[in-house]
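Subject: Structure handover

Hello,

Here is the structure for you to take over. My notes on it follow below.

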Amino acid sequence: MALTKDLILEALRQVALPDGGDLITRDLVRALALVEGEVRFVIEVADAAMAERFAAVPAAAEAVLAALPGVQKVNVVLTAARGAPTLKVGRHPTAQPAGPQPVAGIKSIIAIGSGKGGVGKSTVTANLAVALARAGRRVGLLDADIYGPSQPLMMGEHRKPASPDGKTMIPVQAHGVTMMSLGLLVAPGKAVAWRGPMLMGALQQMLGQVAWGELDVLLVDLPPGTGDVQMTLSQRTRLTGAIVVSTPQDVALIDARKAIDMFNTLHTPVLGLIENMSHFTCPNCGHESHIFGHGGVAAEAQNLGLPLLAQLPIDLETRLAGDAGRPVALGDGVMADAFAQLAAGLVRGGMA
């Protein structure tokens, strides 16, 4: 039988803990990665006192996993969520080789932008990440909207990432997605008042100093506009391409065109467009209303010779699910199917 993450997780259920339960039922395993026979993961406990009680657990976990066929090496780190060394995020960027660079372990990186706020880009990104994970892909989600990070709320995850060595951050896991956001590192309601160099430094850290593990695709939720974050990402990171989200009306398309032009200027391929809030279907009578117009993004895609990846309706369930931290793509129904189809198209196209 081939060695898989599921087999590893099942084996870790055998590791009894000093105060009861096991590593899996108590949700203590973070950043699990399987690379060419090497198993790597972090055991994250609540505080330093608990870490002291659990001192023998890593060795027990190593012994259990070493007995699995196909395991060549086991690397386990025990860390405490409180009191562990943490990185200072928001420094000035450090020097790196010229030109866009890959991120170790990540096959594909897709930036998702909009040119303007309020078009549902972050909602689309969260649900697409979940849909890709449900399709069997290894998915990461980087919330690069540094001034207004919303992915912790939408993904229902607010734990602060650990940093066992003070150099590398361990991302959190939510709904099968590996996630990192500045919103997990700053106090709720705390404004991020940074100038461009600090933005660029934070982005560099969240890409290069996070233990992303082996991913098929990393989705990057960009801030609105065409500023420092977008430019830094495109110039310093080897991107598979970008997806532009817009609502159908002209005022949104004006800024979407600017986003497309920016990506073209930065030599980042535009993989396609998504028309969000395309229409509204009344749940009582079934009448379809075009609140923001209809077909504007489709027409723009045709004019530019770009794929129209999806036309997503405005939907109450999507909003409620996002506010509850359980993206609508986790369930069943029209919206879940729409995001599943969007994810399937990216997989078929070799982009994810």
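This is a predicted model: local features need pLDDT of at least 70, side-chain atom pairs count only at pLDDT 80 or more; totals for chains, interfaces and linings use all residues.

The largest nonpolar core has 40 residues, of which Phe339 and Leu219 touch the most other members. Helix α4 (residues 121-134) gives this core its largest share, eight residues. Apart from it lies another core, of 36 residues, including Ile109, Ala202, Ala256 and Ala301. As background, nonpolar side chains in soluble globular proteins tend to be buried together.

Strand β9

Strand β9 covers residues 241-246, and six of its six residues are buried. In a regular strand the side chains alternate between the two faces of the sheet. On one side of β9 are Gly241, Ile243 and Val245, on the other Ala242, Val244 and Ser246, and both faces are covered.

With helix α8 (residues 250-265), β9 and β10 make a right-handed β-α-β unit.

Salt bridges

There are 15 salt bridges in the structure. Three pairs are described here.

- Glutamate 300 and arginine 257 meet through their side chains at 3.0 Å, N to O. This pair links distant parts of the chain, with glutamate 300 in helix α9 (residues 296-304) and arginine 257 in helix α8, 43 residues apart. Glutamate 300 has a relative accessible area of 9%, so this residue is buried; arginine 257, at 37%, is partly exposed.
- Glutamate 157 and arginine 159 form a salt bridge whose closest N and O atoms are 2.8 Å apart. Glutamate 157 counts as buried because its relative accessibility is 9%, whereas arginine 159 is partly exposed at 24%. Both residues belong to a network of salt bridges that also links Asp27, Arg30 and Glu44.
- Arginine 26 forms a salt bridge with aspartate 19, and the closest N and O atoms are 2.6 Å apart. Here arginine 26 is partly exposed, with a relative accessible area of 30%, and aspartate 19 is partly exposed as well, at 42%.

Regards

Terms used
Residues are numbered from 1 along each chain as its sequence is written. Side-chain values use heavy atoms; hydrogens and water are left out. Buried means under 20% relative accessible area, exposed over 50%, partly exposed in between (1.4 Å probe, protein chains only). Helices (H or I, at least four residues) and strands (E, at least two) are DSSP runs, numbered from the N terminus. A crossover is right-handed if, with the strands pointing away from the viewer, the path from the first strand over the helix to the second runs clockwise. A nonpolar core is a set of buried Ala, Val, Leu, Ile, Met, Phe, Trp, Tyr and Cys residues joined through side-chain atoms within 4.5 Å. A salt bridge is a side-chain nitrogen of Lys or Arg within 4 Å of a carboxyl oxygen of Asp or Glu.
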